Amino acid sequence: MVVPESQDKMFYPPGDLQRDAHVPDFNSYLASYRKSLENPEAFWKEIADEFFWKTPATGPMLQHNFDVTKGSIYVKCMEGAKTNMCYNVLDRHVKEGGLGEKVAYYWEGNSPDHHMTITYCQLLSHVCRCANVLKQMGVKKGDRVSIYLPMIPELVYTMLACARIGAVHSIVFAGFSSESLCERIMDAQSSVLVTADGVYRGEKLISLKQIADEFPGSRQPPLFTSRSCWGRHSESPLPPFPSAVRLLLTCWLVCCLQTPWDAECDVFWDEAMKESPDVCEPEWLDAENPLFILYTSGSTGKPKGVLHTVAGYLLYTSLTFKYVFDHHHDDVYWCTADIGWITGHSYITYGPLANGATSVLFEGIPVHPHVGRFWEIIEKYKVTKFYTAPTAIRLLMKYGKEPLYDLSSLRILGTVGEPINPEAWQWYHEAVGQGRCPVVDTFWQTETGGHVLTPLPAATPLKPGSATFPFFGVEPTILSEHGEELEGEAEGYLVFRRPWPGIMRTVYKNHERFENTYFKKFPGFYVTGDGCRRDKDGYYWITGRIDDMLNVSGHLMSTAEVEAALTEHPAVAEAAVVSRPHKVKGECLYCFVTLKDHREFSHMLVEELKRQVREKIGPIATPDFIQNAPALPKTRSGKIMRRILRQVARNEKDLGDLSTLADPKVVEELFSQRCEAAA
């Protein structure tokens, strides 16, 4: 890895950002990166020294085995140490750092009329009250607590309360169906469910309590529930609950919602909290005790419960947040993700709070009540660091620069969730960042716990669409299908040779699945499941899930490259490419395109798109099929479900688990369009 000298279009860090940056230039990055690989013990100990440890570590900073042929896969960080996550992200700032009156969160509701400010001192008080309520309900160290809440402060209170008493939180995105919620509760064997009466997303009402009450399963006695902050409620019969699940309900709706109620098992939040003490001693936990379980869907089979542990996750989320966003004391940071996903865990709750940051916590959606909602909030709070998804950027692009507010406070932009296409990157950089804000395009996974490939804003020259270089302690390599390490310019499987503190430890209750999914294909490496290209300057480009890479007549081809070529056409808003079996080529390209408003899908357009791909990439990449897709199947977090697209392309109608799909009607529409495209 050297300082890049490519003639490709580069975007260099602005000088004013470099002056006080934690990592001020590329040579500084290289020096720290080398230290993190050559002397990881010293590197991670220096980070650990910033935090509070009730008992110091007795073992090495990191121990591991990544080779299934040599025994069970494991990762351990700071074995022998005892600490508490909640103490480190709250008490340490309030009691030792003098940050009690600093704002922890500016909360913005679905409506601009709903907002509040929460200081670190207030946050600690709320968390302790919630922790005491959970303890009164019988929750103890190691018990699992499921949380099914919208983006309200109580979500943060509850997850930190779990961390304080040593309970393991399992947050379920407040939009999953009752079946998906039930499956996750049952797998985690949770003893308590914390939910709300409902939530508005834009103008759409989602009745969370009603969804929670639609569980299949037998009825068990007492569950606990709570009284609304703003809502009004009436009693009604309660459908069966799953066995062994308690319910603590917090309600947050300004509406007259008819909430199902049972006084025997439901406890209102306000009633439970009002008499609860605001002091709660933390439970001191072993470094490798579990912190949370977060379920992520596989391409097949039931969701995997990704398990993260206390010490390693604390070190890694804190460090990645500090360096990737170049965090300073006076920053106002905003990540638009939902805490129901890993991005919210790592970069709304734990990473920012570990650094004593001030964050925006947002309940709404980008286009409600108007398309300038994001920009309005940035202007209101003078946001300096902004982190969002390419899906949101592409959504807002079509409204142009017209709705943009005063964005002069912004200093760094970030993207997360999927590779960002160069056109969206350029618009984000120019229209939102006004040409002066670096764009940190971060690659990571639920399983990695934090960023693994990412630019550092004051150090890394940027190439639009590239995740650039590895973060400290991360050692990537690219393998061929046969497990050969590829040097220099190459494309293949992205794997990692060693662990970092924040990597997942197992799949909950299924270590065999953990080993088979991530370590069996290439013993000695963690397999991300993603394809990757490394260019002549050593920059890494994520090319999509490896099963979305195509082998056309012996040529390995990334779907992302074809998608980028398609979206450069002025008629195309979004594109997704999958493989389809071909008798001669082995595989061919099947493309789905979503057109911009008022554009028509026609034979002429199809020919133009084929010609554009051929010209951009080469004849071998010419699509065999291009299908009109009024919308693409996406998860609620905005990721395209390519497994479904492959099944549409192949006319396979046994679709399996669709619980993560935001709008199931999209699938039916795609199959109806398919008849014309590839009958």
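Where does Glu363 lie?

Modeller: The model is a predicted one. Glu363 is found in the loop that runs between strand S17 (358-362) and helix H12. With a relative accessible area of 10%, the residue falls under the 20% limit and therefore counts as buried. A polar atom of the Glu363 side chain lies 3.0 Å from the backbone nitrogen of Asn110. His114 belongs to the picture as well: its C-alpha is 9.8 Å from that of Glu363, although 249 residues separate the two in sequence.

Helix H12, at the other end of this loop, spans residues 373-381. Salt bridges link Glu108, Arg373, Glu376 and Lys380 in a network. In general terms, side chains of opposite charge can pair when their charged atoms come close.

From H12 the description passes to helix H13. H13 comprises residues 390-397, and seven of its eight residues are buried. These are Pro390, Thr391, Ala392, Ile393, Arg394, Leu396 and Met397. The buried residues of H13 pack against H12, and also against strand S18 (385-388), strand S19 (412-415), helix H14 (422-432) and strand S29 (572-582).

One of these buried residues, Arg394, forms a salt bridge with Glu418, with a distance of 3.2 Å from N to O. Arg394 belongs to H13 and Glu418 to the loop between S19 and H14, so this pair ties together parts that lie 24 residues apart in sequence. Both Arg394 and Glu418 are buried.

Another residue of H13, Thr391, is among the contacts of Lys634. Lys634 sits in the loop between strand S31 (625-628) and helix H18 (642-649). Its relative accessibility is 17%, so Lys634 counts as buried. Leaving aside residues up to four places away in sequence, Lys634 touches Thr391, Glu574, Lys639, Ile640, Met641, Thr660, Leu661 and Ala662.

Glu574 stands opposite Thr594 in strand S30. S30 covers residues 586-595 and pairs with S29 in the antiparallel sense over ten bridges. The sheet is an open one of three strands, in the order S29-S30-S31, and its pairing is mixed. S29 and S31 each have a single partner strand and stand at the edges, so one side of each is left without a neighbour in the sheet. On average, neighbouring strands here are turned by 25 degrees against each other, direction ignored. Helix H18 lies across S29, S30 and S31, and runs at about 60 degrees to S29.

Strand pairing also occurs around strand S23. Six of the seven residues of S23 (residues 490-496) are buried, so the strand is largely enclosed by the rest of the structure. Strand S21 (residues 476-479) runs antiparallel to S23 and is joined to it by four bridges; in this pairing Pro476 stands opposite Phe496 of S23. S23 also pairs with strand S25 (residues 526-534), again in the antiparallel sense, over six bridges. There, Ala490 is opposite Arg534 in S25.

Finally, two helices from another part of the chain may be considered. Helix H2 (residues 26-38) and helix H3 (residues 40-48) pack at an angle of about 110 degrees, and their axes are 5 Å apart. At this angle H2 is roughly perpendicular to H3. H2 contributes Ser32, Lys35, Ser36, Leu37 and Glu38 to the contact, while H3 contributes Pro40, Ala42, Phe43 and Glu46.

Lys45 forms a salt bridge with Asp49, whose closest N and O atoms are 3.4 Å apart. Asp49 has a relative accessibility of 53% and counts as exposed, whereas Lys45, at 44%, is partly exposed. A further salt bridge joins the side chains of Lys76 and Glu79, at 3.5 Å from N to O. Lys76 is partly exposed at 30% relative accessibility, and Glu79 is partly exposed at 32%. The count of salt bridges comes to 24.

Terms used
Residues numbered from 1 in each chain as written. Predicted model: local features only at pLDDT ≥ 70, side-chain atom pairs only at ≥ 80, totals over all residues. Heavy atoms only, no water. Buried < 20%, exposed > 50% of the residue type's maximum accessible area, 1.4 Å probe, protein only. Contact = heavy atoms within 4.5 Å. Pairing = 2+ DSSP bridges. Polar contact = N/O pair within 3.5 Å; in protein donor to acceptor, adjacent residues only side chain to side chain. Salt bridge = Lys/Arg side-chain N within 4 Å of Asp/Glu carboxyl O. Axes fitted to C-alpha atoms, helices over the stretch in contact; angles between N-to-C directions. Parallel < 35°, antiparallel > 145°, perpendicular 65-115°, else oblique.
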